[in-house]
Amino acid sequence: MSAIHITVLGSGTSSGVPTIGCTCEVCSSPDPRDRRLRPSILVRYEGHGILIDTTPDFREQALRARIERIDAILYTHSHADHILGLDDVRPFNYRQRSSIPIYGMDETLEAIQRVFRYAFDEGPRESAVPRLDLRSLNGEPFELFGQQFTPIPLVHGKSTVLGFRFGRAAYLTDHSEIPEESKAKLRDLDVLFLDALRHRPHPTHSTVEKSIQTAQELKPSRTFFTHICHDLHHQKTEAALPPGVHLAYDGLEIDVEPVR
Ligand SMILES: [Zn+2]
Ligand SMILES: [Zn+2]
Ligand SMILES: [Zn+2]
């Protein structure tokens, strides 16, 4: 398999950083790494582009990263910060002259059909809607253009959501716990993304301290924290992290080591 290239499109929590109306040190920081759009990554290999989640910032993210094609969208779950930009995939429908397959758990796809009902209504339309093919994930690994993707079930407060492993990388955004059966699928990783909202505990998200423990347990070569809120100043937080553990930031590009 060829090299996998990851672009961090957004590293922020649901409200983004800066938070509207906030004048804290992080929200007023001049460091571009302290400006965080909502959480998403783009995975590219062999000329294909796989998007994980469509955030409310998707249009801005696609322009900023100069995304030229999207061959599939994988959904972690249906919270607003992970789905609300879906309408903005329309230019990719036009450019590629095709619908885009979207993958997720049944409950995620049902929520998307509820929120974007106009895109799934039958009959004549007066204006363009996103054209999408629904692909239900039953927990089994699936293949996209020669690369295997493995859904990784995660606990996110009271819900179950998905992370994804592909090659020697895994993207685990929103979670409060990683079940033991899921940890077994996260061995021998080069790159691991983990939710690390802030230092203080939160009912549905992991913390910096907890995700450091996860990294030390799973031992990937490199760990990147994401879904970060305005409690974490990039430079100061990064300086206090152990070797091999980093805060992700918007625009970060990572090449994943190939499978040995
Ligand atoms: Zn989220
Ligand atoms: Zn703030
Ligand atoms: Zn969530």
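**Exercises on a zinc site and a buried isoleucine**

Along the chain, the donors of the zinc ion (ligand 1) follow the spacing D-H-x91-D-x52-H. The model is predicted, and its local features need pLDDT of at least 70. Residues are numbered from 1 along each chain as its sequence is written.

**Exercise 1.** Determine which residues coordinate the zinc ion (ligand 1) and classify the site.

*Solution.* 
1. Donors are N, O and S atoms within 2.8 Å of the metal (3.2 Å for Na, K and Ca); water is not among the atoms, so sites may look incomplete.
2. Asp81 (OD), His82 (NE2), Asp174 (OD) and His227 (NE2) coordinate the ion at 2.1 to 2.2 Å.
3. The angles among the four donor atoms are 93 to 164 degrees, and the site is irregular.

**Exercise 2.** State which parts of the chain His82 and His227 tie together.

*Solution.* 
1. Helices (at least four residues) and strands (at least two) are DSSP runs, numbered from the N terminus.
2. His82 lies in helix H2 (residues 80-83) and His227 in the loop between strand E12 (222-226) and helix H8 (234-239), so the pair ties together parts that are 145 residues apart in sequence.

**Exercise 3.** Decide whether Ile212 is buried or exposed, and list its contacts.

*Solution.* 
1. Buried means under 20% relative accessible area, exposed over 50%, partly exposed in between (1.4 Å probe, protein chains only).
2. Ile212, in helix H7 (residues 208-218), counts as buried because its relative accessibility is 16%.
3. Leaving aside neighbours within four places in sequence, Ile212 is in contact with Phe225, Leu241 and Pro242, where contact means heavy atoms within 4.5 Å.

Terms used:
Chains are lettered from A and ligands numbered from 1 in the order in which they are written. This is a predicted model: local features need pLDDT of at least 70, side-chain atom pairs count only at pLDDT 80 or more; totals for chains, interfaces and linings use all residues. Side-chain values use heavy atoms; hydrogens and water are left out. Four donors count as tetrahedral if all angles lie between 85 and 135 degrees; four count as square planar and six as octahedral if opposite donors are over 155 degrees apart and all others between 65 and 115; anything else is irregular.
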